Amino acid sequence: MTEARDFWSRRKAAVQAEADAELLTAEEQAISAQKAELEEKTDAEILAEFNLPDPDQLQAGDDVSGFMAKAVPDRLRRRALRRLWRLNPVLANVDGLVDYGEDYTDAACVIENLQTAYQVGKGMLAHVEALAAQAEADESKADEAEAEEPQIDLQETDAPDAEPVLMVTEIELDEPDEVELAPAPRRMKFEFEG
């Protein structure tokens, strides 16, 4: 017995849905026909037909709800909303504290040739290690440069008119100590059983 009720309930719902769809289609056709008529008319004629003020002449506090009707063309609705946004400072000036007030979808393209040392999964580790290695290399080059500078000895001769003689002595270079590098971070492997 419940099966029969279910069948007839579903049948009544299907008939009602068909009737609603036909009604909706008829309304859409009427609206599209009306919009086609309105497209042929000028804005002044449309405003007079719907008894609406000129959207460019709206003042603060005027009612714009008449422009929101479905029958009013989009071009007039947009003109009225633009005027409303220009008149009302609350709508015109969005404060800077809105979290998602800007477009963050193209953050990488905001500045041309933007380069970053950040790597996914590693962070800034490689950049910091490179800077540390460069600082050590610069330090070792400075030590080598100091060690390679020739030592100049001035020796005086007994002759009064003789010029002083410059003698360059050889310098023994120390072998550089082995550089100790920090161990590289380990990468963990994850195995999934499935």
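Trainee: What share of the contacts between residues at least 6 apart in sequence joins residues at least 24 apart?

Mentor: In this protein the share is 34%, where a contact means heavy atoms within 4.5 Å. Keep in mind that this is a predicted model.

Trainee: And what is the pattern along the sequence?

Mentor: Reading along, you get α-α-α-α-α-β-β, which comes to 5 helices and 2 strands. Buried residues make up 8% of the 194 residues.

Trainee: Why is Arg77 called buried?

Mentor: The cut-off for buried is under 20% relative accessible area. Arg77 has 16%, so Arg77 counts as buried. Arg77 sits in helix H3, residues 74–87, and beyond its sequence neighbours up to four places away it touches Phe67, Met68, Ala69, Lys70 and Val72.

Trainee: What makes Arg77 and Asp74 a salt bridge?

Mentor: The limit is 4 Å between a side-chain nitrogen of Lys or Arg and a carboxyl oxygen of Asp or Glu. Arg77 and Asp74 have N and O at 2.4 Å, so the pair qualifies. Both are in helix H3 and 3 residues apart, so about one helical turn separates them. Asp74 has 37% relative accessibility, so Asp74 counts as partly exposed.

Trainee: How many salt bridges does the structure hold?

Mentor: There are 6. One of them joins Glu49 and Lys41 at 2.6 Å, N to O. Glu49 is partly exposed at 41%, and Lys41 is partly exposed at 28%. Another is Arg75 with Asp43, whose closest N and O atoms are 2.7 Å apart.

Trainee: Why does the pair of Arg75 and Asp43 tie together parts that are apart in sequence?

Mentor: Arg75 lies in helix H3 and Asp43 in helix H2, so the pair links parts 32 residues apart in sequence. Arg75 is partly exposed at 29%, and Asp43 is partly exposed at 21%.

Trainee: Which residues make up the largest nonpolar core?

Mentor: That core has 10 residues in all, including Leu38, Ile46, Phe67 and Leu76. Helix H2 (43–50) and H3 each give two or more residues to this core. Take Ile46: leaving aside neighbours within four places, Ile46 is in contact with Leu38, Lys41, Pro73, Arg75 and Leu76.

Trainee: What makes Phe7 and Trp8 an edge-to-face pair?

Mentor: Two values are needed. To pair, ring centres must lie within 6.5 Å, and planes over 60 degrees apart count as edge-to-face. Phe7 and Trp8 have 5.0 Å centre to centre and 75 degrees between the planes, so they pass on both counts. The count of aromatic pairs comes to 1.

Trainee: Are Phe7 and Trp8 exposed or partly exposed?

Mentor: Exposed needs over 50%. Trp8 has 53%, so Trp8 counts as exposed. Phe7 has 43% and therefore counts as partly exposed.

Definitions and conventions:
Residues numbered from 1 in each chain as written. Predicted model: local features only at pLDDT ≥ 70, side-chain atom pairs only at ≥ 80, totals over all residues. Heavy atoms only, no water. Helix = DSSP H or I, 4+ residues; strand = E, 2+ residues; numbered from the N terminus. Buried < 20%, exposed > 50% of the residue type's maximum accessible area, 1.4 Å probe, protein only. Phe/Tyr/Trp six-rings, centres within 6.5 Å; stacked < 30°, edge-to-face > 60°. Core = buried A, V, L, I, M, F, W, Y, C linked by side-chain atoms within 4.5 Å.
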